[in-house]
Amino acid sequence: MLEQLANLLVPFKKYYISRAAVCQPRACANTDEYPFCWLVTPNTVIHEIQEPVPSFPFYFHLNPFSMLDIFADTRHLLSK
């Protein structure tokens with residue numbers, strides 16, 4: 001089953017996961033952060049959540065690094 005999921009789950013993507021078994025981690029896992037883990041079974045359903053592609057404005061106002069000290073520690077906004 002791991003081979004089937006190897007290319008399905010990609011970092012920084014969001015997924016809808018249902019029918020996974022939630023259990024306590026085994027003692028050999030050495031995880032102090034999370035009190036639970038989830039176990040993928042043949043009944044587990046995983047679907048990627050499609051998110052809209054972020055759009056950027058057509059115009060960017062860029063400031064050179066040499067001018068950034070003017071804005072440091074002030075309330076002046078770089079963008080308008």
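**View 1. Lys13 and its salt bridge with Glu48 in a predicted model.** Lys13 is partly exposed, with a relative accessible area of 44%, where buried means under 20%, exposed over 50% and partly exposed in between (1.4 Å probe, protein chains only). This residue forms a salt bridge with Glu48, and the closest N and O atoms are 3.3 Å apart; the term stands for a side-chain nitrogen of Lys or Arg within 4 Å of a carboxyl oxygen of Asp or Glu. Because Lys13 lies in the loop between helix H1 (2–5) and strand S1 (15–18), while Glu48 belongs to strand S4 (residues 45–48), the pair ties together parts that are 35 residues apart in sequence. Glu48 is likewise partly exposed, at 34% relative accessibility. Helices (H or I, at least four residues) and strands (E, at least two) are DSSP runs, numbered from the N terminus.

**View 2. The salt bridge between Glu51 and Lys14.** The two side chains meet at 3.1 Å, N to O. Glu51 sits in the loop between S4 and helix H2 (68–71) and Lys14 in the loop between H1 and S1, so that distant parts of the chain, 37 residues apart, are linked. Glu51 is partly exposed at 47% relative accessibility, and Lys14 is partly exposed at 49%. The structure holds two salt bridges.

**View 3. Confidence along the chain.** The mean pLDDT, the predictor's confidence in each residue from 0 to 100, is 77 for the protein, and 76% of its residues reach 70 or more. Confidence is lowest in H1, at a mean of 66, and highest in S1, at 90. Where pLDDT is low, the predicted coordinates should not be read in detail.

Residues are numbered from 1 along each chain as its sequence is written, and side-chain values use heavy atoms, with hydrogens and water left out. In this predicted model, local features need pLDDT of at least 70 and side-chain atom pairs count only at pLDDT 80 or more, whereas totals for chains, interfaces and linings use all residues.
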